[in-house]
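This report describes a protein structure through its parts, its interfaces and its charged pairs.

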Amino acid sequence: MAGALLSDHPTGDLRLDRLVKRFGAFVAVDDVSLTVPKGSFFALLGPSGCGKTTTLRMIAGLEEPTAGSIHLGTLDITSAKPYRRPVNTVFQNYALFPHLDVFENVAFGLRRRRISRVREQVMAALDLVEMTHLARRRPAQLSGGQQQRIALARALVNQPRVLLLDEPLGALDLKLRRQMQLELKRIQVEVGITFVHVTHDQEEAMTMADTVAVMNQGRIEQFGPPTELYGAPRTTFVANFLGQSNLVPGRRVSGGGSHLIPVDCNGQTVLLPDDRCMTSADQVLVGVRPEKVHLLPAGMNPPTGHNRLVGGRVADASFTGVSTQYLVAMPWGQDLTVFAQNVGRGGPVPVGAAVTLGWEPEHTFGLEGETGTPAGRDARVTARMR
Amino acid sequence: MAFTTAARTGGPVPAPAPPSSRLPRSRTPYLLLLPGLVWLGLFFAVPVATLFSTSLQTRVPGGEIGEYTQTFRFANYLDTIGEYHVQFVRSFLYAGLATVLALLIAYPLAYYIAQRAGRWRNILLVLVVAPFYASFILRTIAWRQILGEEGPIVPVLRFLHLIPAGATVTASAVAVVAGLTYNFLPFMTLPLYASLERIDPRFIEAGGDLYANPFTTFRRVTLPLSMPGVVAGTLLTFIPAAGDYINATLLGRQPKTTMIGNVVESRFLRVVDYPTAATLSFLLMAAILVLVFGYVRRAGTEELV
């Protein structure tokens, strides 16, 4: 029965249903349900300790779920031994066997399954990652980027139904990481295998994945295409972890147009599309991404119908080349962030200048006000520094 | 702006002068080597030379017992081999058996301590080393008691009819090999532990991920990665065991179990036949050297990381 797992070549989606993993009293994964469509590039994104790696290890069979189930198509693989699952892993730090050369590392899985034409398949896999010339090297003689490619070839050569990648680019320097991101995406499109990629790097997740699931404290906060997650975050954690957000506490007031909710933010009213508001409570956190906000000299008004916050004063301006990041101190004591593209029109706004902030209501999102602004912000900073 | 201009007109900063190649070489490394070299010279090179010289001596005709003169008689070696090859073979056989037994006992033990023991690890390691707190000879004498007529082992074996009614365990090859195995077990366990402890659990997980069941993962991943420990442990057990005479003296005590160490001891101290004792010692050294060299080459540990 169990042997059938490998030979039947089950196809279809990877489904996690109400998956729970406890280590003693600590709940690492808390009731996670997900469907990863066949052939998609799926990213599990979250800060360290959020349970993303534990989730991955349960899919690989390296960790036994406390509760819940894992299905691959129609097959239940919840408690199948790792060596009986049609799933392969690219481990963090690669875990290449140091006593075997590159060729034998890649051939390992094929030899265990007594598959014929090992040489042909290994060379094809090495060709895919452009490493055929290093077939007889030992892992210790390779650079980090080369080891990464070999680890990928070693997993892909087995043609798994699902490929799991556990922070595969974490050990590479920034430039190489960017290059490998594109390469991984290319390979995924080429082989058409479902990739489940675990990372704490939000940029990496957004660059590569079709679908991103943001995890926090063992739970999925939100999942969807990167543009959707970025444009309409559902929780403050997602708003702050995935890029930066300005979140202003406010209170719902009566009036407004057909689909726009007016919100009172410290005496100034802004509009929020009702389909982008995640709470029905009176307390609302009004959110807008820094690059969506325009800086206007005090006294000037944004076009009619735009949201507007007056009384700001530029507290800090940092020039980053392609854009300038302004920190604007608002009268109620909050600092809001504005990214202005350096397109050459108008000079930089000097520090100390009185300004008005304007943006389109469609770029506004509303979050539950209870949780407060900082959720996820610290997590993102730590994740970046790691 | 002013800074930029200044830097530009100033031209490139001159590179610091390369260190002169004529500097006198530091003598520190040689000074640091000196104590070790002196030690090796005084306590290894000189004795070996003396031993070699003694091995070529012959008895002074009509001289007193223990009186020998240098005659460069290389035939001493042929005589010794002719007379004692049985004990040589027996020594290597016993040492080999003890090494294999120690490996079979120590590997699971070291594996458990290194990979599974968790917080008990240090306590278990101390227990492995604990026998060293008692003297080697005392421990071997204790084994004579344990294996003797009054000890707990013999009555049990007799009761189970594993040995005939009148038979004993002491004064046999079994006792000597058991003693050797016991006495050198820590020398096997510790290097094995050191190499097993270093194996990243991810390699074992990777084996499972790549369709190897636990047994195959052990054979293809864990065992090859622990080879440095296996080689070190077997050498540390085999070499002293081959030259040991305490176990054969205390647990063997009969000609059938005499090892080469016993022959050297009796030739040297009782018969006062220095040249034969010296040739025996030299032959033992040479034989072990050849065996070890061949073994290490075959095991191919230098290829391991």
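Predicted model: local features only at pLDDT ≥ 70, side-chain atom pairs only at ≥ 80, totals over all residues.

The side chain of A:Arg57 forms a salt bridge with that of A:Glu63, with an N to O distance of 2.9 Å. A:Arg57 also meets B:Glu205 in a salt bridge, here at 2.7 Å from N to O. Side chains of opposite charge can pair when their charged atoms come close.

## The interface between chain B and chain A

The salt bridge between A:Arg57 and B:Glu205 joins residues of two chains. How many salt bridges are found across the interface of chain B and chain A? The count there is one salt bridge. Polar contacts are also present: seven residue pairs across the interface of chain B and chain A are in polar contact, both residues of each pair having a pLDDT of 80 or more. On the side of chain B that touches chain A, α8 (201-209) and α9 (214-225) of chain B each supply at least two residues. The element that gives the most to this side is α8(B), with seven residues. By type, the residues of this side of chain B comprise 11 nonpolar, four polar and five charged.

In total, 20 residues of chain B and 27 residues of chain A take part in the contact. Chain B and chain A bury about 2,100 Å² between them, and carbon and sulfur atoms give 65% of this area. Which three residues supply more of the area that chain B buries against chain A than any other three? They are B:Asp209, B:Leu210 and B:Tyr211, which supply 38% of that area.

## Chain B as a whole

Chain B has 305 residues, of which 38% are buried. Its secondary structure contains 13 helices and two strands.

Among contacts in chain B with a separation of 6 or more, 68% are between residues 24 or more positions apart.

## The two domains of chain A

Chain A is divided into domain 1, covering residues 2-228, and domain 2, covering residues 232-385. The centres of these two domains of chain A, taken over C-alpha atoms, are separated by 38 Å.

The area buried between domain 1 and domain 2 of chain A is about 1,100 Å², and 62% of it comes from carbon and sulfur atoms. Within domain 1 of chain A, the residues that lose the most area to domain 2 are A:Gln202, A:Glu221 and A:Gln222, which together account for 44% of what that side buries. No salt bridges are counted between the two domains of chain A, whereas five residue pairs across their interface are in polar contact, with both residues at pLDDT 80 or more.

## Salt bridges within chain A

Over all chains, a search of the whole structure finds 22 salt bridges. One pair is A:Asp101 and A:Arg136, whose closest N and O atoms are 2.6 Å apart. This pair links distant parts of the chain, 35 residues apart: A:Asp101 lies in the loop between β6 (87-90) and α3 (102-112) of chain A, and A:Arg136 lies in the loop between α4 (118-128) and α5 (144-156) of chain A. Is A:Asp101 buried or exposed? A:Asp101 counts as buried because its relative accessibility is 13%. A:Arg136, at 55% relative accessibility, counts as exposed.

Another salt bridge joins A:Arg149 and A:Glu130, with the closest N and O atoms 3.8 Å apart. A:Arg149 is in helix α5 of chain A, and A:Glu130, 19 residues apart from it, is in the loop between α4 and α5 of chain A. A:Arg149 counts as buried at 10% relative accessibility, while A:Glu130 is partly exposed, with a relative accessible area of 46%. Both residues belong to a network of salt bridges that links A:Glu130, A:Arg149, A:Glu183, A:Arg186 and A:Glu190.

Definitions and conventions:
Residues numbered from 1 in each chain as written. Chains lettered and ligands numbered in written order. Heavy atoms only, no water. Domains from an automatic or database assignment. Buried area = accessible area lost by both parts, 1.4 Å probe. Salt bridge = Lys/Arg side-chain N within 4 Å of Asp/Glu carboxyl O. Polar contact = N/O pair within 3.5 Å; in protein donor to acceptor, adjacent residues only side chain to side chain. Helix = DSSP H or I, 4+ residues; strand = E, 2+ residues; numbered from the N terminus. Buried < 20%, exposed > 50% of the residue type's maximum accessible area, 1.4 Å probe, protein only. Contact = heavy atoms within 4.5 Å. Nonpolar A, V, L, I, M, F, W, Y, C, P; charged D, E, K, R; others polar.
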